Amino acid sequence: MKITREKPPRKIVVIEDNLMNMELTVDILEVAGYKVFTATNAEDGIRLVKTEMPGLVLMDISLSGMDGLSATSALKKDPATRHIPVMAVTAHAMRGDEERILHAGCCACVTKPIDVQEFRSKVSQFLNCEPSNE
Ligand code: MN
């Protein structure tokens, strides 16, 4: 049984420019009971994060225009949004990429194609996690 203290926000913002990936991600999250908000580019995504203040952001790294790394850095530099965990979703599984992704401020990285079990478990693990010290 899960012990809940204060009820955390169950909102998740998904920033993804591939519509098939988006659809799959949203399906998985909605079935799991989350309220999902979507954006297909970084600028809209950042705006959405600021208005919805979700418990987690899922960030596609490869976006046209501003990429997911820059978008993550922007969210992490803003005192209003820096506490919101950002999980990278990327097709690039290379070692150097993961380092850059974590360096940009992401809490974790999920590799495409998504493994549904792993994805759901990482989402619940990182949703609303507070930074250890700020
Ligand atoms: Mn993409």
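Select Lys112 to begin, which at 16% relative accessibility counts as buried, where buried means under 20% relative accessible area, exposed over 50%, and partly exposed in between, computed with a 1.4 Å probe on protein chains only. This is a predicted model, in which local features need pLDDT of at least 70 and side-chain atom pairs count only at pLDDT 80 or more, while totals for chains, interfaces and linings use all residues. Residues are numbered from 1 along each chain as its sequence is written, and side-chain values use heavy atoms, with hydrogens and water left out.

Glu16 and Lys112 form a salt bridge whose closest N and O atoms are 3.2 Å apart, a salt bridge being a side-chain nitrogen of Lys or Arg within 4 Å of a carboxyl oxygen of Asp or Glu. Glu16 sits in the loop between strand 1 and helix 1, and Lys112 in the loop between strand 5 (108–111) and helix 5 (116–126), so the pair ties together parts that are 96 residues apart in sequence. Helices (H or I, at least four residues) and strands (E, at least two) are DSSP runs, numbered from the N terminus.

In helix 2, Arg47 and Asp44 lie three residues apart, about one turn of the helix, and their side chains meet in a salt bridge at 2.5 Å, N to O. Arg47 counts as exposed at 52% relative accessibility, whereas Asp44 counts as partly exposed at 34%. In helix 5, Lys122 and Glu118 are four residues apart, again about one turn of the helix, and their salt bridge spans 3.3 Å, N to O. Salt bridges that share partners also join Glu16, Asp60 and Lys112 into one network.

Which protein atoms are the donors of the manganese ion? They are Asp17 (OD), Asp60 (OD) and Ser62 (O), lying 2.1 to 2.3 Å from the ion; donors are N, O and S atoms within 2.8 Å of the metal (3.2 Å for Na, K and Ca), and water is not among the atoms, so sites may look incomplete. Along the chain, the donors follow the spacing D-x42-D-x1-S. Asp17 lies in the loop between strand 1 (11–15) and helix 1 (19–31), and Asp60 in strand 3 (residues 56–60), so the pair ties together parts that are 43 residues apart in sequence. Is each of these two aspartates buried or partly exposed? Asp17 is partly exposed, with a relative accessible area of 32%, while Asp60 counts as buried at 2%.

Next, select Ile15, Val57, Met59 and Ile101, which touch the most other members among the 22 residues of the largest nonpolar core. Such a core is a set of buried Ala, Val, Leu, Ile, Met, Phe, Trp, Tyr and Cys residues joined through side-chain atoms within 4.5 Å. Strand 1, strand 2 (35–39), helix 2 (42–52), strand 3, helix 3 (68–77) and strand 4 (86–90) are the elements that give two or more residues to this core, and the largest share, four residues, comes from helix 2. A second, separate core of 19 residues includes Val14, Met22, Val36 and Leu127.

Move to Leu29, which lies in helix 1 and is buried, with a relative accessible area of 1%. Not counting residues up to four places away in sequence, Leu29 touches Ile12, Val14, Tyr34, Val36, Leu58, Phe119 and Val123, contact meaning heavy atoms within 4.5 Å. Leu29 and Arg120 are 91 residues apart in sequence, yet 7.7 Å apart in space, C-alpha to C-alpha.

Finally, select Cys109, which counts as buried at 10% relative accessibility. The sulfur of Cys109 is 7.4 Å from the closest cysteine sulfur, in Cys106, too far for a bond. The structure holds zero disulfides, a disulfide being a pair of cysteine sulfur atoms within 2.5 Å.
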